[in-house]
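Subject: A structure for you to look at

Hello,

I am passing a structure on to you, along with some notes to read beside it. Please have a look at it first, and then read on.

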Amino acid sequence: MGESSPVTYKPYNRSSIKRAPQWELMPADLREAVDVVTHVLPFRTNQFVLDELIDWDRIPDDPIFRLNFPHRDMLDPEDYVTLRDLLRDGDKKLLAKQVQVVRGRMNPHPAGQLTHNVPQLDGEVVPGIQHKYGETVLFFPSAGQTCHAYCTFCFRWPQFVGEDDLHFAARDAEGLTAYLKQHPEVTDVLITGGDPLIMRTATLARYLEPLLAPELAHVQNIRIGTKAVGYWPRRFVSDVDADELLRLFERVVGAGKHLALMGHYNHPAELRPAIAQQALRRITGTGAVVRMQSPVLRHINDDPEAWRELWTQGVKLGAVPYYMFVERDTGARSYFELPLAEAYEIFRTAYGSVSGLSRTVRGPSMSAFPGKVLIDGVPTIRGEKVFALQFLQARQGDLVRRPFYAKFDPEATWFDQLVPAFGEPKFFFEDEADGGGSFLGRPLDLVGA
Ligand SMILES: *Cc1c(COP(=O)(O)O)cnc(C)c1O
Ligand code: SF4
């Protein structure tokens, strides 16, 4: 057992948050924002986030407060006022209707998640898996499709407000293992959500253990995407089945697999609590590796110093910096987005201030339809200022790491806004892609926590 006594995980939602001791610390305008915005976007927090992560002397600017609590600017100002007034009038029907209208305007289905990358087995769709890049299969266990708290920027928000049906998620590992047996090229399985570590250990084991079978020796790496390391580190220390979870990690490692916890750390504040550090020690003690990834987000981590602290503290505590992403085009995107040029400057400044041990990180990277696109620099070539880009991952593997160039645009915030540099009519990969040139704006793909 860890040093803390077990505290049961219990989330707060829009109504129960009013019973949290911290509610009293929130001025009226912030409380109103919780009431109004949570009708559109999901809200969930927990006592650990409230007690250990948010600095209540610094609200509303505290980065974890921004990460977890809705802000009025996350909605269009007119929508906010309309919804607030409907809420005051108490007409539930009209309110519900308007909520639908507002959600519809927030690009709730950027991922085309139910229609793209969904693999088939003997002519049938295999539920709960996505296969976009040859070597890695994503797996969505149905019991892992929620989180210990919700991030206000999350692109999975429609799922949490019940807009997306969760039938795509898998109730067991049978489909996955059958699919993997037919796909010897797959070396990695990434279990994702939501947050798979919302599951009790016994449930998680039912999904994980079949992957250790001798027929699946080609699956070398098992990754678990999780934000429990930040939002609920007690999961690894003092939850009733925390020790059992660590024993499960040890079994996976003992079976000869590389086990990676893809830890979503958005801000260094998540590494400061003693229990968060203890969680890292306990996880790495099992032989699992923790890697760190996050999008770069206005109001939360749009500051090189935040990244410098995150990466250097991470390395010191045993977590490996992995990806810096660009925020996706859904939900409250306009509140969080940064021009690509600015994201790149933040990355470069932070990267330049850390030792080589932190420079395992890559970014800023956009998960776009053709692949993960890295912004590699802003050079001037033959008198033209451009973005130097390359694929870190691509649907067509042979596109990876071939440099290409887009016209510099100081305002651009996403890949679909970029045009080829040097007056060229299209990007090099547009010839080769299925269907030709018009797919930049097509749906993205998803990875949850
Ligand atoms: C990011 C991602 C992966 C994993 O890519 P790595 O570069 O190996 O971390 C796998 N599948 C999808 C759909 C992804 O977006
Ligand atoms: S899926 Fe990840 S980003 Fe989204 S709310 Fe859960 S923890 Fe946050």
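Is Gly285 buried or exposed? Gly285 is exposed, as its relative accessible area is 57%. Here buried stands for under 20% relative accessible area, exposed for over 50%, and partly exposed for what lies in between, using a 1.4 Å probe and protein chains only. You will find Gly285 in the loop between α11 (274-284) and β10. Helices (H or I, at least four residues) and strands (E, at least two) are DSSP runs, numbered from the N terminus. Between the C-alpha atoms of Gly285 and Val186, which are 99 residues apart along the chain, the separation is 27 Å.

Before the rest, a word on how to read the notes. This is a predicted model, in which local features need pLDDT of at least 70 and side-chain atom pairs count only at pLDDT 80 or more, while totals for chains, interfaces and linings use all residues. Residues are numbered from 1 along each chain as its sequence is written, chains are lettered from A and ligands numbered from 1 in the order in which they are written, and side-chain values use heavy atoms, with hydrogens and water left out.

The overall picture

The protein contains 14 helices and 16 strands. Along the principal axes, its C-alpha atoms fill a box of roughly 60 × 55 × 50 Å. For 449 residues, a compact globule would have a radius of gyration near 22 Å, and the 22 Å of the protein agrees with that. The radius is taken over C-alpha atoms, and the globule rule is 2.2 Å times the number of residues to the power 0.38.

Of the 449 residues, 58% are buried. Among contacts (heavy atoms within 4.5 Å) with a separation of 6 or more, 73% are between residues 24 or more positions apart. The accessible surface is about 18,100 Å², and carbon and sulfur atoms hold 50% of this surface. Such areas come from the Shrake-Rupley method with a 1.4 Å probe, and for residues only the protein chains shown count as cover.

As for charge, there are 50 positive and 58 negative side chains, and the centres of the two sets lie 2 Å apart. Lys and Arg count as positive and Asp and Glu as negative, with His and the chain ends not counted. Each charge is placed at NZ of Lys, CZ of Arg, CG of Asp or CD of Glu.

Leu340, Ala341, Ala343, Tyr344, Ile346, Phe347 and Ala350 are the buried residues of α14. Their cover includes β10 (289-296), α12 (304-317), β11 (319-326), β12 (362-368), β13 (371-377) and β15 (384-394).

Strand β12 holds Ser365, which counts as buried at 0% relative accessibility. Apart from neighbours within four places in sequence, Ser365 has contacts with Met324, Phe325, Val326, Lys372, Val373, Leu374 and Leu392. Pro364 also lies in strand β12, and a cis peptide bond, with omega about -15 degrees, joins Gly363 to Pro364.

Backbone details to look up

Most residues other than glycine have a negative phi, and most peptide bonds are trans. A further cis bond links Gly193 and Gly194, with omega about 20 degrees; Gly194 is in the loop between β7 (188-191) and α8 (201-208).

His299 has a positive phi, near 75 degrees. This residue lies in the loop between β10 and α12 and is partly exposed at 32% relative accessibility. Arg382, also not a glycine, has a positive phi of about 45 degrees. Arg382 sits in the loop between β14 (380-381) and β15, and is exposed with a relative accessible area of 75%.

Two pairs to find on screen

Thr226, in strand β8 (residues 221-226), is buried with a relative accessible area of 0%. Thr226 and His148 are 78 residues apart in sequence, and their C-alpha atoms are 9.8 Å apart in space. Val81 belongs to helix α4 (residues 77-89) and is partly exposed at 30% relative accessibility. From Val81 to Val36, 45 residues apart in sequence, the C-alpha distance is 9.0 Å.
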